[in-house]
Amino acid sequence: MKRLTIALAVLAMMMSTAALAEDGAALYKAKCAACHGAGGEGKMGPAIKGKDVSDVLANGGKKGIHAKPFNVSPDQAKAIGDFVAALK
């Protein structure tokens, strides 16, 4: 019985970790869309549609607001980067 309880607890933790995986679309909407537009077309900031922006988010870019790393975790930077790269 004790083994079953432990197994179920481990399974529940694994499932909750998967459920907490970063959602690139939601992160983009919350942190990026105001400047870069809902579809990455550019608004107050440059167009980024289809570009890989994860490195700029994680490490900083050449100029502007992203000259320093943006306030996101490495997992969030990857999730946003994957989302933006997939925009057509």
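The legends below describe an overview and several close-up views of one predicted protein model.

The model is predicted, so that local features are reported only at pLDDT of at least 70 and side-chain atom pairs only at pLDDT 80 or more, whereas totals for chains, interfaces and linings use all residues. Residues are numbered from 1 along each chain as its sequence is written, and side-chain values use heavy atoms, with hydrogens and water left out.

**Figure 1. Overview of the helices and the surface of the protein.** The protein has five helices and zero strands, and its elements follow one another from the N terminus as α-α-α-α-α. Helices (H or I, at least four residues) and strands (E, at least two) are DSSP runs, numbered from the N terminus. Of the 88 residues, 26% count as buried, where buried means under 20% relative accessible area, exposed means over 50%, and partly exposed lies in between, with a 1.4 Å probe and protein chains only. The protein exposes about 6400 Å², of which carbon and sulfur atoms supply 64%; these areas come from the Shrake-Rupley method with a 1.4 Å probe, and for residues only the protein chains shown count as cover. Among contacts (heavy atoms within 4.5 Å) between residues at least 6 apart in sequence, 46% join residues at least 24 apart.

Figure 2. Helix H2 comprises residues 24–31, and within H2 the residues Gly-24, Leu-27 and Tyr-28 are buried. These three cover an arc of only 100 degrees around the axis, which puts them on the same side of H2; the arc is that of the directions from the helix axis to the C-beta atoms. On the other side of H2, Lys-29 and Ala-30 are exposed. The buried residues of H2 pack against helix H3 (33–36) and H5. At the start of H2, a side-chain oxygen of Asp-23 comes to within 3.3 Å of the backbone nitrogen of Ala-25.

Figure 3. Helix H5 covers residues 74–86, and its 13 residues, at 1.5 Å a residue, should span 18 Å, which agrees with the 18 Å between its end C-alpha atoms; the expected span is 1.5 Å times one less than the number of residues. Buried in H5 are Gln-76, Ala-77, Ala-79, Ile-80, Gly-81 and Val-84, and what covers these buried residues includes helices H2 and H4. Gln-76, with a relative accessible area of 17%, counts as buried, and its side chain reaches the backbone nitrogen of Ser-73 at 2.9 Å. Leaving aside neighbours within four places in sequence, Gln-76 is in contact with Glu-22 and Leu-27, and Leu-27 is itself among the buried residues of H2.

Figure 4. The side chains of Ser-54 and Asp-52 are joined by a polar contact of 2.7 Å. A polar contact is a pair of N or O atoms within 3.5 Å; within protein, one must be able to donate a hydrogen and the other to accept it, and residues adjacent in sequence count only if both atoms are side-chain atoms. Not counting residues up to four places away in sequence, Ser-54 touches Ala-77, Lys-78 and Gly-81. Ala-58 counts as partly exposed because its relative accessibility is 36%, and, leaving aside neighbours within four places in sequence, Ala-58 is in contact with Pro-69 and Ala-77. Ala-58 and Gly-81 are 23 residues apart in sequence, and their C-alpha atoms are 9.9 Å apart in space.

Figure 5. A disulfide is a covalent bond between the sulfur atoms of two cysteines, counted here as a pair of cysteine sulfur atoms within 2.5 Å, and the structure holds zero disulfides. The cysteine sulfur closest to that of Cys-32 is in Cys-35, at 8.8 Å, which is too far for a bond. Cys-32 counts as buried at 7% relative accessibility, whereas Cys-35 counts as partly exposed at 31%. Gly-42 sits in the loop between H3 and H4 and is partly exposed, with a relative accessible area of 21%. Leaving aside neighbours within four places in sequence, Gly-42 is in contact with Cys-35, His-36, Gly-37 and Ala-47.
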